[in-house]
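Colleague: I have a structure open and would like to talk it through with you. Could you take me through the aromatic residues and then the sheet?

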Amino acid sequence: MSAPLNLVNLERVHKAHGTTVLLDDVSLGIAAGERIGVVGRNGSGKSTLLGVLTGREEPDSGRVTRRGDLAVGVLDQSGTLPPGATVRDVVLPESLFAAEHEWAADPAVRSVLTGLELDRLGLDSPVAPMSGGERRRVALAAGLVRPLDLLVLDEPTNHLDVEGVAWLADYVKNRVGALVVVTHDRWFLDEVCSRTWEVADGRVHAYEGGYAAYTLARAERARIAAATEERRLNLVRKELAWLRRGPPARTSKPRFRIEAAQALIEDEPPPRDSLALKGFASRRLGRTVYDVEDVDYAVPGDDAPRPLFRDLTWHVGPGDRIGVVGVNGAGKTTLLRLLLGETEPDRGRVVRGQTVAPACLSQHVTELPGRLRVLEAVQEIARIARIGNQEISASSLAERFGFPASRQWTPVGDLSGGERRRLQLLRLLMGEPNVLLLDEPTNDLDIDTLTALEDLLDGFPGTVLVVSHDRYFVDRVCDSVVALMGDGSLAALPGGVEEYLARRAAGEAALPSATSAAPAAAPADAPVRSGGEVRAARKEAARLERRLEKLTAEEERLHGELATAATDHTRVLELDERLRVVLAEKEQVETDWLVAAEVAEG
């Protein structure tokens, strides 16, 4: 079988902006059909890497080679569109589709138009007056309908709801051509990407697999680095002892081996003790947080007011961690504003607990004190914050959110959009609220900052309400999920985001109310397995388990040989090729095992 065709190659590329080195001696390539996710802190050089790959930026040194007839499409974060153009001009230009029947008969094009809701916007609508989110969707659609060898997307999930993100993941997985995507959406990374690049300190570290594989590999890399550092310190201590006492006694060299994923996490406690946090929250908040009773609310429409909520009743208690999902325009942000008292209902009432001290992170970066520096802006709220059972200084919390000591004296006016978002969140937490309302909190935050936020929320002894399209964040932070389906009601989703998407796909079937959710019934069309099928599946699952054990052992052996042969380029290439074969077979065996195990369970 021939190797995949290389589309772009970077050889020893160096790129700096001012005195900041973003890419340092970077060598990598993109093969046809690869789907690569790019992660890293804000400002680490992800967008610069995309610029060098696509030719929009030239490297300071090194070489970039591209296939001669390479067709590349780029979606950047600016969403710039031609002035005076319509949706049709941008997405379905005459140069690509001479007649309407050409695209109307193409199911892929129709899928893009409906999946990104451009049919609702109208093909003849001008793009100039559109919102930033609508313009981004138009630009994304233009890239998706074109026959491109390489599609490069910078934060494509921004401004998409949960359903839109799920549709995009399914579409790009099935399209022909290579994909490079910068995103903080960890579910999207896991669902779509076969490789992950981490941009950090001028280097690009490559990992096989999506976010889960990248996280495990990074943890293993950190463990090996810690072990290496410990060995180095041991040698230093022994050398000092020799200088003081003379030749040391002969000692045995310590041996380290790569542990399986379970060994990395077996001693880790659960992310949070929900019962203990609920008890603590009850003492801080009392029995009432928010009670929404028989609320109606409508917004102005073209012909008549459009109802957002009809006879809405909802209880939010102390220590609740609730994710709110729904289609765009269903009223998620309006619901938070009703709870805060910024908007009053047309009918009904919202009861707020007397001890409730809320803090709301809105989708828009609020006015920040540009005259102050970062640390001063945080200390303006408080110098010490108590989060859970720990006290954290303003400087320590700033460092956890990506502002090292050298960056804490940067003027607020000089911060990037992502840094301003982090500062907004910092000031929010320093106020020590007991109720957090987070409206799209993952926008403009990199993965490391999201991980730090999740870690803080694990110990937050209060109520958390999250409106987000980031299903990974919702699953990680929230204990329950409710949905606004656009029909005026709030629905409880025992099955979480997956249940929401399934019900939407089934035609927005009626959902149980959020106040009286019943357990989901087993599907009526579940297949009935015969005894023979179950026994055969059990044997097959046992055989596949044994094969998995052998493949895992072979993978560990090859990793060890790769580490030993690090300076032998030819040997490394040979071992890497063998490792790829093993990993591909392992992935297939795991898939087959899952199928067999499902049948074996009857």
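**Aromatic rings and a sheet**

Modeller: Let me begin with Trp167, which counts as buried because its relative accessibility is 17%, and please keep in mind that this is a predicted model.

Colleague: And Tyr171, buried or exposed?

Modeller: Tyr171 is buried, with a relative accessible area of 14%.

Colleague: Where do Trp167 and Tyr171 lie?

Modeller: Both lie in helix α7, which covers residues 162–174, and they are four residues apart, or about one turn of the helix.

Colleague: How many aromatic pairs turn up in the whole structure?

Modeller: A search of the whole structure gives four aromatic pairs. One of them joins Trp167 and Tyr171, whose rings are stacked at 5.2 Å centre to centre, with 25° between the planes.

Colleague: What about Tyr207 and Tyr214, and why is that pair called edge-to-face?

Modeller: Their ring centres are 5.3 Å apart and their planes stand at 70°, so the pair is edge-to-face, given that planes over 60 degrees apart count as such. Tyr207 is buried at a relative accessible area of 8%, and Tyr214 is also counted as buried, with 3% relative accessibility.

Colleague: Which residues make up the cluster linked by ring pairs?

Modeller: The cluster consists of Tyr207, Tyr211, Tyr214 and Tyr472, linked by ring pairs.

Colleague: Switching to charges, what sits over the ring of Trp187?

Modeller: That is the charged end of Arg471, 3.8 Å from the centre of the Trp187 ring. There is also Arg422, which lies over the face of Phe403 at 5.1 Å from the ring centre.

Colleague: In which sense do β17 and β18 pair, parallel or antiparallel?

Modeller: Strand β17, residues 435–439, pairs with strand β18, residues 463–467, in the parallel sense over five bridges. Within this pairing, Leu438 stands opposite Val466 in β18.

How values were computed:
Residues numbered from 1 in each chain as written. Predicted model: local features only at pLDDT ≥ 70, side-chain atom pairs only at ≥ 80, totals over all residues. Heavy atoms only, no water. Pairing = 2+ DSSP bridges. Helix = DSSP H or I, 4+ residues; strand = E, 2+ residues; numbered from the N terminus. Phe/Tyr/Trp six-rings, centres within 6.5 Å; stacked < 30°, edge-to-face > 60°. Buried < 20%, exposed > 50% of the residue type's maximum accessible area, 1.4 Å probe, protein only. Lys NZ or Arg CZ within 6 Å of the ring centre and 35° of its normal.
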